[in-house]
Amino acid sequence: MKIKGIGFVVLLALGGCASPVNDMLNNKFVSIAPEVAPASLIGIWSGNMGPYLASFSFESDGYGVFCYSWGTADVIQKVKYSNNIIYIQDGSKLEIKESNSDLLVVNANYLGGNKSSFYKDKELKEASQYCASKLSG
């Protein structure tokens, strides 16, 4: 009985948290109109998102690419910039918390959120081997 009560409390606590599943199931990526990206966002960025080594590439028209690697998983997806949000083709999104010429901080506003820092990486020295090969040239 005590374990059921604890499980119910945990379920209630998580019930109020945002989930990427909702955004992914209601994917609006194709309908998002990208905005012109701020000059500070244009270029290639690399950093970590948890165990993932990730990179972004943004063009001035607001279109870009998101690439990440971890273990044997290598993924590349399209992204769009609009209203300080990075929309990812799988339906998930990241809020830009800070952006200047050297630092990009994003927040995944799911299950309590997690901030991740990215740094300019024009030469892709900090990118995974997979992402460096996909984003170069």
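Q: What is Leu 104 in contact with, leaving aside its neighbours within four places in sequence?
A: In this predicted model, Leu 104 touches Leu 41, Trp 45, Phe 56, Phe 58, Ile 96, Glu 98, Ser 99, Ser 116, Ser 117 and Phe 118.

Q: Which residues have the most contacts inside the largest nonpolar core?
A: Those are Phe 56, Ile 86 and Leu 104, in a core of 20 residues.

Q: Which strands each supply at least two residues of this core?
A: Strand 1 (43–49), strand 2 (52–58), strand 3 (63–70), strand 4 (73–82), strand 5 (85–88), strand 6 (93–99) and strand 7 (103–108).

Q: What does the second, separate core include?
A: That one has seven residues, among them Ala 127, Cys 131, Ala 132 and Leu 135.

Q: Why is Leu 124 called buried?
A: Its relative accessibility is 10%, and buried means under 20%, so Leu 124 counts as buried. Leu 124 sits in the loop between strand 8 (114–120) and helix 3 (129–135). Its phi is positive, about 60°, though Leu 124 is not a glycine.

Q: Why is Asn 84 called partly exposed?
A: Buried needs under 20% and exposed needs over 50%, with partly exposed in between. Asn 84 comes in at 36%, so partly exposed is the label.

Q: What makes the phi of Asn 84 worth a look?
A: Asn 84 has a positive phi of about 70° without being a glycine. You'll find Asn 84 in the loop between strand 4 and strand 5.

Notes. Residues numbered from 1 in each chain as written. Predicted model: local features only at pLDDT ≥ 70, side-chain atom pairs only at ≥ 80, totals over all residues. Heavy atoms only, no water. Core = buried A, V, L, I, M, F, W, Y, C linked by side-chain atoms within 4.5 Å. Buried < 20%, exposed > 50% of the residue type's maximum accessible area, 1.4 Å probe, protein only. Helix = DSSP H or I, 4+ residues; strand = E, 2+ residues; numbered from the N terminus. Contact = heavy atoms within 4.5 Å.
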